[in-house]
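Here are my notes on this model, point by point. Please read them with the coordinates open.

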Amino acid sequence: MKPPSQQLRQQTTEQVTAESTHAATTQSETVREFATPEEMIRHDLLQTKVPGAVGKRLERTLAAEPAPVPKPWWKRLL
């Protein structure tokens, strides 16, 4: 039978090995390359939850923006 200190050391070594293997697997799964900055921003948008207070402030700011002025018909033609 192994002494308690050696048994504890073996359990700790096994645990560290399992954690490092899991970390390496997780890290390799999260690596991703993006073709454009816009694609990266879209991906980040799907992963990040905007806090409610920030969303409300953004809505108020956008509502305060002036409406876009339509172009005159002759500028749309040219």
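1. Basis. This is a predicted model, in which local features need pLDDT of at least 70, side-chain atom pairs count only at pLDDT 80 or more, and totals for chains, interfaces and linings use all residues. Residues are numbered from 1 along each chain as its sequence is written, and side-chain values use heavy atoms, with hydrogens and water left out.

2. Confidence. pLDDT is the predictor's confidence in each residue, from 0 to 100. The protein has a mean of 78, and 63% of its residues reach 70 or more. Confidence is lowest in helix α1 (residues 4–30), with a mean of 59, and highest in α3, at 93. Where pLDDT is low, the predicted coordinates should not be read in detail.

3. Fold. The protein has four helices and zero strands. Helices (H or I, at least four residues) and strands (E, at least two) are DSSP runs, numbered from the N terminus. The pattern along the sequence is α-α-α-α.

4. Burial. Of the 78 residues in the protein, 0% are buried. Buried means under 20% relative accessible area, exposed over 50%, and partly exposed in between (1.4 Å probe, protein chains only). The protein exposes about 7900 Å², with 61% supplied by carbon and sulfur atoms. Areas come from the Shrake-Rupley method with a 1.4 Å probe; for residues, only the protein chains shown count as cover.

5. Helix α3. Its 13 residues (52–64) reach 19 Å from first C-alpha to last, close to the 18 Å expected at 1.5 Å a residue. That expected span is 1.5 Å times one less than the number of residues. Zero of the 13 residues of α3 are buried, so the helix lies largely in the open.

6. Salt bridge. The structure holds one, defined as a side-chain nitrogen of Lys or Arg within 4 Å of a carboxyl oxygen of Asp or Glu. Glu39 pairs with Arg32, and their closest N and O atoms are 4.0 Å apart. Glu39 is partly exposed at 29%; Arg32 is also partly exposed, at 47%.
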